[in-house]
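Student: I have just opened this one and would like a slow walk through it. Could we start with the charged side chains and then move on to the backbone?

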Amino acid sequence: MRAVPAESRRPPRPPQPGEPLSRAATVRPRRSRRWTAALVTGLLLPLPLAACGGSDSQDAETNTGSGSADSGGDVRATERQQVASGGTVRWAVDAAPTTFNVFQPDSAEATKRVAAATLPTLFTLDERGRPQTDENFLRDAEVTETEPRQTVVYKLNPKARWSDGRRLGAADFRAQWKALRGKNNAYWTARNAGYDRIRKVTKGEGADEVKVVFGKPYADWRSLFTPLYPKQAMSKPKVFNDGIRTSLPAAAGPFRVVKAGKDRDRTVLQRNPRWWGERAKLDRIVLTAVPRDKAAKALAKGEVDVADVSAAAAKRVGAANGLGGPGSPDSAEGAKNAQDAKKREAERREARKREARKRFGASAARHLGRYEVRRALDPAYTQLTLNGAGGPLADERVRRAVARAIDRDELAGKAFDGTGLPDKPLGSHLRMTNQDGYQDNSGDFGSADVDSAQSLLADAGWKTGGLGGAGADESAENAHAAPKGEKAQDKGEKGEKKEKRADGGPAEPSAADGSPDAGGGAPHRAEAESSVVRLTAAQIARVVDKPLGLSVSATAQRGAILAQAAHSSLASARQAGSERKLSRARAALETAETVQATARELRLLAGDPASAVRSKDGKPLALRFVLPGGKGSAELRDTGKRIARMLNEVGIRTQIKEVSGDSYFKDHIAAGDYDLALYSWPATAFPATEARPIFAKPRPASDGSLQVEQNYARVGTDRIDQLFEQAAGELDDGERQELMRKADQRIWAVSGSLPLYQRPQLVAAKRNLVNVGAFGFSTPVYEDMGYRRS
């Protein structure tokens, strides 16, 4: 995935909010299919709309699919004999395909779906991300020589033919290699990793054999030639770049493209009559462009049969089915027997359905009730990226302090709340929790330790200071001082014994209680109290957007009262079985949490010098936190605000800037105009190759600019690069995994990126639609999709 010179290809299309990620390898053995795509710069995007839960997530019981939530497969798996022949599936995709070439920078979700259904896949992945031979295309494939050069011989299935009647062969392999090896800038390619290591492609000794000889050893050779395009699509740059944007010259899968309208909102795939494998059950698949934030409306109108959905939309589906709402059965209710409990739950479901009809309307509730939500761990993860190119984060100690200040367990818990999926934080940059070979390599960098974070900041020269300290500007004190009498009241609060908050959570640590969070007794405490710095009103305004004239105690009291009232309303709503009341109570609780956060901010600024804003050379420690704006990114912004609160506790202030989805990546992430940012990366079965550009050390380009490839944190080391290079050429699986483990440990140590959690994958599908849903690492078996026999 080496970056291609800018003059050799068109610039990547910036991602849109909620657009699906490019995935490097999501497949399974022919009971699965796979497409392989690069971690393309232009396909990087933010966490998809509300994919992380919070209070709006659907309850676990709403999932009535047959898959395993633990491993990541929920498709209502059904044997072919139980699937009816015929029918159409309307499959929602976030955006219409702009090309059918997955190797171009602007390929997206719909491109991958078309390729997976219509083109050869030599290897697939199972549910744990392990490559398997696809027998529809390969009888066998193996490394036959390692000296003097690595040689791989592919033995093709003699039945495998393109829709024009020609057999798959060496000519197709050779054309794809030459187009993707990176030597001809006329090809607008997204990547050339692996193909650039091939020395030659020839016919093998036997019939239907292809021999590939590598110039350098390549461990991830199974990632190549998937999908495989017909030679006429790869032989000429003009066809590669533009010719296959609207059509494919030939197909070799269970389906073929028969229509792609001018507006591209609908792409029709029809059963391929020349397919030699199991005959596709469906007559056609219609890929329909439906932006993620409009998927709920499309479901409510019955306009699609399957769609990736947000947590809020998933909850709507559950509510329409009488599931996932308040008043769920509980053993503590003391039901006399199972029959009574079953009867009571049936009554609750009917009550929830009635409530859904009131909320959504009878027609929408009826349509939504025909779907169910299927879920899995998505082969993608959300990370916090720290831009180390300049500013405070150029210091590794500050980056490490940020990592130690963040409670990833809390963030993962919020993201997966109510999804029924494991909520553990991700401990690796290179493998997912349900992937073969996963190992938590985070060490100390993956756990929250406020005291360690504060010590790292102090060691980096960032001193603590406050508004009321000695030497503070009189104008700042006058402008932001608390009302008379408040200081005494605050002192009284600090002297009180810690009690739990009204909302049931732990009390806020005070500056005098000696707790590590408050800084009492910590190694940095004496330093903090003796190094108060001068902050002007203008500097203060840069690091806090809360009103400073409010009373700390009054704000804290108001937050506690609001939280108490909200919890009371939640209890009443659950008892009444009212979705509407529950929604209002949750909104009230969010308001209370906001007020409590304001109180904490005020206390930090006005009281405790150990956790007040830190400064260095007269400048406050303030980081620009860029998040995507817009309706569809609310959940992502909530995650960002939680992170900001955590950083507040160690004296790091964040300036959250919301930008439009169109410019989020192009004008900020790729351009380096940020300090902190949240977005997601796709997982890969071949990290030695496909994850390398994300962590490669930036190098100066010939024009004086910095070539970062996909390393938007802009930090790396020569040793990390060496480990990736060694792993890419290591053919022994055990040795390669050990090299990747060492690389991951060093990536954690430089703290340029902080993996938070693997994303939840929620898919709404018609109840009678089988072998479709949340695939996790496994990609669809298109020929097995269909409707269950009645």
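**Salt bridges and backbone details**

Tutor: The side chains of Asp126 and Arg130 meet in a salt bridge, at 2.7 Å from N to O, where a salt bridge is a side-chain nitrogen of Lys or Arg within 4 Å of a carboxyl oxygen of Asp or Glu. This is a predicted model, in which local features need pLDDT of at least 70 and side-chain atom pairs count only at pLDDT 80 or more, while totals for chains, interfaces and linings use all residues. Residues are numbered from 1 along each chain as its sequence is written, and side-chain values use heavy atoms, with hydrogens and water left out.

Student: Is Asp126 buried or exposed?

Tutor: Asp126 is buried, with a relative accessible area of 7%, whereas Arg130 is partly exposed at 31%. Buried here means under 20% relative accessible area, exposed means over 50%, and partly exposed lies in between (1.4 Å probe, protein chains only).

Student: How many salt bridges does a search of the whole structure find?

Tutor: The search finds 32 of them. One of these joins the side chains of Arg399 and Glu396, at 3.8 Å from N to O.

Student: Why are Arg399 and Glu396 separated by about one helical turn?

Tutor: Because they are three residues apart in helix α9, residues 396–405, they are separated by about one helical turn. Helices (H or I, at least four residues) and strands (E, at least two) are DSSP runs, numbered from the N terminus. Arg399 counts as buried at 4% relative accessibility, and Glu396 is partly exposed at 31%.

Student: And which side chain meets Glu658 in a salt bridge?

Tutor: That is the side chain of Arg637, at 3.7 Å from N to O. The pair links distant parts of the chain, with Glu658 in strand β17 (residues 653–659) and Arg637 in helix α18 (residues 634–648), 21 residues apart. Glu658 counts as partly exposed at 45% relative accessibility, while Arg637 counts as buried at 12%.

Student: Switching to the backbone, where is the peptide bond with omega of about 0°?

Tutor: It is a cis peptide bond that joins Glu147 and Pro148, and Pro148 sits in the loop between β4 (138–145) and β5 (151–156). Another cis peptide bond joins Thr226 and Pro227, with omega of about -5°, and Pro227 is in the loop between β7 (209–214) and α3 (231–234).

Student: What about Phe225, what is its phi?

Tutor: Phe225 has a positive phi of about 60° although it is not a glycine, and it is found in the loop between β7 and α3. Phe225 is also buried, with a relative accessible area of 0%. Ser751 has a positive phi too, of about 55°, and is not a glycine either; it lies in the loop between α23 (733–750) and β21 (753–766), and is buried at 3%.

Student: You mentioned β7, so which strands does it pair with?

Tutor: Five bridges join β5 to β7, and these two run antiparallel; five bridges also join strand β6 (residues 198–203) to β7, again antiparallel. Two strands pair if DSSP finds at least two bridges between them. Within β7, Glu209 is the bridge partner of Lys155, and Val210 is the bridge partner of Lys203.

Student: How many residues of β7 are buried?

Tutor: Five of its six residues are buried, and β7 is thus mostly covered. In the hairpin of β6 and β7, which has five residues between the strands, Asp208 takes a positive phi near 60°.
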